[in-house]
Amino acid sequence: MPRPRSTALSPAPASSEQAGASTGPVRLGPGAKAALAPAAVEVRAGFWSTRREVNARVSLPQGPELLESAGNLHNLRLAAGSVEGEFRGAYPFVDTDIYKWLEAASWQLAQQPDSEMELEVDRIVALVAGAQRPDGYLNTWFQLVKGGERYKDLRWGHELYCAGHLIQAAVAHHRATGRPHLLDVARAFADHIDSVFGLPGSGKEIDGIDGHPEVETALVELYRETGERRYLDLAGYFVDRFGHGLLGGEAYCQDRVPLREADTVEGHAVRQLYLLAAAADLATETGDAELRAAGERLWQAMTATKTHLTGGLGAHHDEEDFGDPYELPNERAYCETCAAIASVQWSWRLALLTGEARYSDLIERTLYNGFLAGVSLDGERWLYVNPLQVRDGHTDPGGDQSARRTRWFRCACCPPNVMRLLASLEHYLASGDEQGLQIHQFTTGHYSYGEMSVRAETDYPWHGTIALTVEDTPDRPWTLSLRVPQWCREFRVRVAELTYDQTDAPVEDGWLRLERTWARGDSVVLELVLEPRLTGADPRVDAVRGCAAIERGPLVYCLEQVDVPGGGLDDIVLDPTRPLAVKHRPDLLGGVTTVVAAGYRRRLADDGSWWPYRAPVPDAAPTGDSVELTAIPYYAWANRQDGGMRVWLPTS
Ligand code: FUB
Ligand code: ZN
């Protein structure tokens, strides 16, 4: 099989105008300089189908009621003057909960008509439109609480952040339904912003940026939807004004150093990641090589030094921000669900821009672990922070930063964010270019780009076999590329009469490239060997020195107290010399594969000391009683009873 040319060197940049390209959250403009364009995927069964079905059946329908009882919809009516009362909610950005829900519902409607949800969407779109000022401005907090004062508190006010989520909802609504109503509202606000913000000397009133990036990536998408270049230019202006002290020069809001000069991710994680998503969008649409290089550099720094095993991001509770390199605590891991979502959004843009598989490796890890833990299996309860450990005797703070699942939050940014990613997930799974179709994530379903289409069947991530059948093909050679996950050490692939394994398969930078003149009905069977494994960490991650984590395929595992006989987890030690066993458990947590490991419960001599430290350093290996350890996938934790949990297990 000849080695195809590298996708990254594709002479004709990919474009979403290609027939069969996906029309999800990232739709490349006609002049985009990306290596790849999103492909169309239908998720028909299996792991993600189940999670999306719960999203559609339980989480999304509950949205309007929750937005009503939390006061978000009331605020719109109040701003429209149709009711009387007080603003409800604790934050200036509560409108975004509505916009994210509208976005999620729109992506959902694009897949499956649902007359009830459609009515709810229409009703809420009308409320949003009713709250807008005649000049396009819209923010219920500033209209109602701040007496109409505008853009005086850019560092904390979130006015442009709210505009960004409105624009994203409107683009989704327009793409899904073809209706102009919400897009008209969003354009009016974007035009208003464009009339106010600009460089000194541009004749605009304010040279400023929002303390929470978001409007930037939204404006790029608005440009893609409308073809209006000034939205792209406005996004570029905003991205380049960070790092010049307009917000006081703080790292917290990415104002310490311009993105083009930055060498690591810093500050508030979600803010940083949304800004980087916008930079990748701009590099894609304009070919800005410096912005692209900055994105690639910062992604490398983030993944190498600031990312938890689960793909979770953020090491500090107080400012929801990144820590220092290798500062990756377990019980104080912040790993906000929104940060995981933002990371997926950024990585997807880089995957399209560069054609590199590693970005989709991180997406896979994040989706199956740090992201999915954010929603309960029943779709009704949420985690805002996603720690990697809950200690025995944990005193839970409750509220937004609880390590226990919660019905809704005072700061409810995460739940509707999860809803929108699950509802649009199929748009993050595959891509295409002139040379072929690339499958980034495996699901049972249908992948297509232009005339190339394949059907896939798999029980991934529980089993490693992915069976693909070509359903449609042009009459010329093309390349079917399958991502070989970064965690995979061993695989086999059968293509018609040929069989390869990891030693001789045509793998190039994480892509298994299968080039031929395909015929309908041709089959490819990829078998990823899914042995459970123990993973260690770079020694500079002090928090987990001497520990190992259990993984299998893309899944990170954890111990939950409820599965460990004899009580708490803090005395449990894993025996890394003993084999790990796999046990499929259809009865447990909606059906999971558990990993069974050997360990022991430390027996510590109780010398009555009032002091937990010892000198000299104890050197004898502790002893204890053997115990069988049943580990479950991390995403499924906190769905039974409260109790301890840990991902990293001491081995000595
Ligand atoms: O500031 C808006 C949102 O609230 C952020 O993205 C989250 O981190 C939470 O702080
Ligand atoms: Zn959040």
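Start by selecting helix α2 (residues 72-80) together with helix α4 (residues 115-131), which pack at an angle of about 40 degrees with their axes 7 Å apart. Helices here are DSSP runs of H or I with at least four residues, strands are runs of E with at least two, and both are numbered from the N terminus. Axes are lines fitted to C-alpha atoms, for helices over the stretch in contact, and the angles run from 0 to 180 degrees between N-to-C directions.

A word on what you have open: this is a predicted model, in which local features need pLDDT of at least 70 and side-chain atom pairs count only at pLDDT 80 or more, while totals for chains, interfaces and linings use all residues. Residues are numbered from 1 along each chain as its sequence is written, chains are lettered from A and ligands numbered from 1 in the order in which they are written, and side-chain values use heavy atoms, with hydrogens and water left out.

**Stop 1: α2 and α4**

Stay with this pair, whose angle makes α2 and α4 oblique to each other. On this scale, angles under 35 degrees count as roughly parallel, over 145 as roughly antiparallel, 65 to 115 as roughly perpendicular and the rest as oblique. The crossing of α2 past α4 is left-handed, meaning that the near helix is turned anticlockwise from the far one by less than a right angle (clockwise would be right-handed). Now show side chains: L73, L76, R77, A79 and A80 of α2 meet R123, I124, L127, V128, G130 and A131 of α4, where contact means heavy atoms within 4.5 Å. Coloured by class, this contact has 8 nonpolar, 1 polar and 2 charged residues. For that colouring, Ala, Val, Leu, Ile, Met, Phe, Trp, Tyr, Cys and Pro count as nonpolar, Asp, Glu, Lys and Arg as charged, and the others, Gly among them, as polar.

**Stop 2: a backbone detail**

Select Y151 next, in the loop between α5 (140-144) and α6 (159-177). Its phi is near 55 degrees, a positive value in a residue other than glycine.

**Stop 3: α7 and α8**

Move on to α7 (residues 181-196) and α8 (residues 215-226), which pack at about 120 degrees with axes 12 Å apart. That angle makes α7 oblique to α8. Their crossing is left-handed. On the α7 side, pick L183, R187 and A190; on the α8 side, pick L219, L222, E225 and T226. By class, the contact of α7 with α8 has 4 nonpolar, 1 polar and 2 charged residues.

**Stop 4: ligand 1**

For E336, a polar side-chain atom lies 2.6 Å from an oxygen atom of ligand 1.

**Stop 5: α12 and α14**

Select α12 (residues 337-354) and α14 (residues 414-423), packed at about 30 degrees with axes 9 Å apart. These two helices, α12 and α14, are therefore roughly parallel to each other, and their crossing is left-handed. T337, C338, I341, V344 and Q345 of α12 meet C414, N417, V418, R420 and L421 of α14.

**Stop 6: cis peptide bonds**

Finish with P461, in the loop between β7 (452-458) and β8 (465-472). The peptide bond from Y460 to P461 is cis, with omega near 5 degrees. Then jump to P616, in the loop between β20 (592-602) and β21 (624-633), where a cis peptide bond joins A615 and P616 with omega about 0 degrees.

Terms used. A polar contact is a pair of N or O atoms within 3.5 Å; within protein, one must be able to donate a hydrogen and the other to accept it, and residues adjacent in sequence count only if both atoms are side-chain atoms.
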